[in-house]
Amino acid sequence: MPTVDIDPDELRDLTGHDEKSDDDLINDLFGLGLEFEGRTEDGEFELEFAPDRLDRLSVEGVARSMRYQYGDARGVHVPSPNSSEWTIEVEESVPDERPYVTGAVVRDVDLDEEALESLIQLQEKLHATMGRKRAKGAIGIHDLTMLKGTAATEGNPTIRYVGVEPDEDRFVPLDSDQEMTPADVLEQHQTGQTYADLVSEYDRYPAIYDSIGLFSFPPVINGRRTEVSTDSRDLFVEMTGTDQWTIDKMLNIVCYALSARGATLEEVTVEYPDHEVVRPDLSMKTKTVAHDRIETILGIGLDPDEVIDLAERSGLKAEKEENEDGNLVYEVTIPPYRVDVLHPLDVIDDLGRAYGFNELEPRYPDVGTVGGRHERSRLENAARTQLVGLGFEDLLNFHMISEGENFDRLEIAPGEDVYGAGEPATIKEPYSEDFTMLRTWVMPSLLMVLERNTHRSYPQNLAEIGFAAEVDERENTGVAEGRRVGAVLASHEAGYEDAKARLQTLTRNFDVDLETPPTDHPTFISGRTAAVVIDGEEVGVIGEVHPKVLVEHDLEVPVSAFEFDLEALR
């Protein structure tokens, strides 16, 4: 879990509760869901926090939550930024891979050593979490007095977000005394080497200019000219990324943290080639939460005024009204820095914390049933036990995979009319190229295990009962999910008959009828492949794996295999 370091004296100062002892603070923090993990060498609290509450990545955010908890603050607070005096102009040359930018001007901020350390920690923690290690969003914070904007027709000073050739220009990066080109930074600078993979494949590198020259090379490093120090009073905050929503929300969190230090916010106009936006975007969203659902989830009775009070003590705003069915509901307003509220249950969780989970009285559920294993789980365990008895080693693999592993390496294509070739449910913004979709069958995972174990002796008989999914518009979710039974036998003598013998034994033990009519499947050898038909329904495939697939997986022994839908054994 992520951790954040908080100075307890700073926390007392920002909450206005100097009387709180360290033990009191630790108990109060636990009530917010922040667990005390120990102390740093400097005596700061090391706190583990839920990664959804990114607004608590700094002492300012934690102090804000505690002030609500103590009742010193109520409702939704939204800073009122001054009108825009600066413009960011986005040029056509900006790399397509990183097209978005946002920003804000922060004036009259009081940055002592503690405040500056907190700001740097917030920046790096946001990079590591929401920014996906700067890949999705990266933050640049600059001393505004060191910037000189190009004069614009409307009078606003303007800086430019552009794309440059790797060796087109030079600047002095942070922690350096010499001028470097962006290419030099990636090769010679320690920070540049760390983040080189983010931009090294770009034809043009992202860069931000003022009228003096290049001062920021996002997402890698800022220039030394605009470095922030304890003497800085006015700041320019810019963020670039692959998604406008992400960097806008990161900006809101930073702006709220600096506002807690007494700073004044000022809007920035972002001019794209085809439209313009004004940032920061401090607009609020609402969630509709039913009163009876609040009581059901928390297990307590509440009057409407109590619900409104709990919402205000959570930093939210709730207004009661009746829905079209005449039931009591609340329109709950969410502040701009909350990126975690996606569902009414998130609101109810806040209400429960404000009430105090320790104040809830435990009671037995008012139901007449006794807990037990689900029928699906019993079936899965029974099938797994049978497979182990047949000599298979039980596996548990990742549900996510890449298109190449799932399809290409097994000689099938998405949507093809063969088992395992369903239309994949893909990840919109995958964290890794190795995990871009949910697997459509378990056979690719089993072959990957064999591939990684070629140094071990044979035979290797492996089986997995695992999750698989494919796009299906007939389902409410648009995706059909299920459990698959997959098995492979790898040895110098493995053949179709070995796989079928074990499949026959497995199905016989579940008292179902098995048929194996011949079929064709690109993953298996023609003439040595059959469909798995159980109780008259085709539910899988069995056969000897094709030599092309074996070579692709660096396997030098024959492999026979079968896979079918677990539900067929019911």
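These legends describe close-up views of a predicted model. Local features need pLDDT of at least 70 and side-chain atom pairs count only at pLDDT 80 or more, while totals for chains, interfaces and linings use all residues. Residues are numbered from 1 along each chain as its sequence is written, and side-chain values use heavy atoms, with hydrogens and water left out.

**View 1. Helices α2 and α3 cross at roughly 90 degrees.** Helix α2 spans residues 22-31 and helix α3 spans residues 59-70. Helices (H or I, at least four residues) and strands (E, at least two) are DSSP runs, numbered from the N terminus. The two axes come within 10 Å. Axes are lines fitted to C-alpha atoms, for helices over the stretch in contact; angles run from 0 to 180 degrees between N-to-C directions. α2 and α3 are therefore roughly perpendicular. Angles of 65 to 115 degrees get that label; under 35 is roughly parallel, over 145 roughly antiparallel, and the rest oblique. From α2, Leu25, Asp28, Leu29 and Gly31 meet Val62, Met66, Gln69 and Tyr70 of α3. By class, this contact has 5 nonpolar, 2 polar and 1 charged residues. Ala, Val, Leu, Ile, Met, Phe, Trp, Tyr, Cys and Pro count as nonpolar, Asp, Glu, Lys and Arg as charged, and the others, Gly among them, as polar.

**View 2. Helices α9 and α10 also cross at roughly 90 degrees.** The axes of α9 (residues 304-312) and α10 (residues 344-355) come within 8 Å. That makes α9 roughly perpendicular to α10. Val307, Leu310 and Ala311 in α9 meet Leu351, Ala354 and Tyr355 in α10. The contact of α9 with α10 has 6 nonpolar, no polar and no charged residues.

**View 3. The largest nonpolar core holds 45 residues.** A nonpolar core is a set of buried Ala, Val, Leu, Ile, Met, Phe, Trp, Tyr and Cys residues joined through side-chain atoms within 4.5 Å. Buried means under 20% relative accessible area, exposed over 50%, and partly exposed in between (1.4 Å probe, protein chains only). Leu11, Leu126, Leu235 and Val254 touch the most other members. Helix α7 (residues 244-259) gives the most to this core, with 8 residues. Beyond its neighbours within four places in sequence, leucine 11 is in contact (heavy atoms within 4.5 Å) with Ile6, Leu25, Leu29, Val59, Val62, Ala63 and Met66. Another core, of 29 residues, lies apart; Leu395, Phe407, Ile412 and Met448 are among them.

**View 4. Arginine 107 and glutamate 266 form a salt bridge.** A salt bridge is a side-chain nitrogen of Lys or Arg within 4 Å of a carboxyl oxygen of Asp or Glu. The closest N and O atoms are 2.7 Å apart. Arginine 107 is in strand β5 and glutamate 266 in strand β12 (residues 264-271), 159 residues apart. Arginine 107 is partly exposed, at 21% relative accessibility. Glutamate 266 is buried, at 2%.

**View 5. Arginine 160 and glutamate 91 meet in a salt bridge.** The N to O distance is 3.1 Å. Arginine 160 lies in strand β7 (residues 158-164) and glutamate 91 in the loop between β4 (82-90) and β5 (100-107), so the pair ties together parts 69 residues apart in sequence. Arginine 160 is partly exposed, with a relative accessible area of 27%. Glutamate 91 is partly exposed, at 26%.

**View 6. Asp9, Arg12, Asp22 and Arg39 are linked in a network of salt bridges.** By the rule given above, the count comes to 40 salt bridges.
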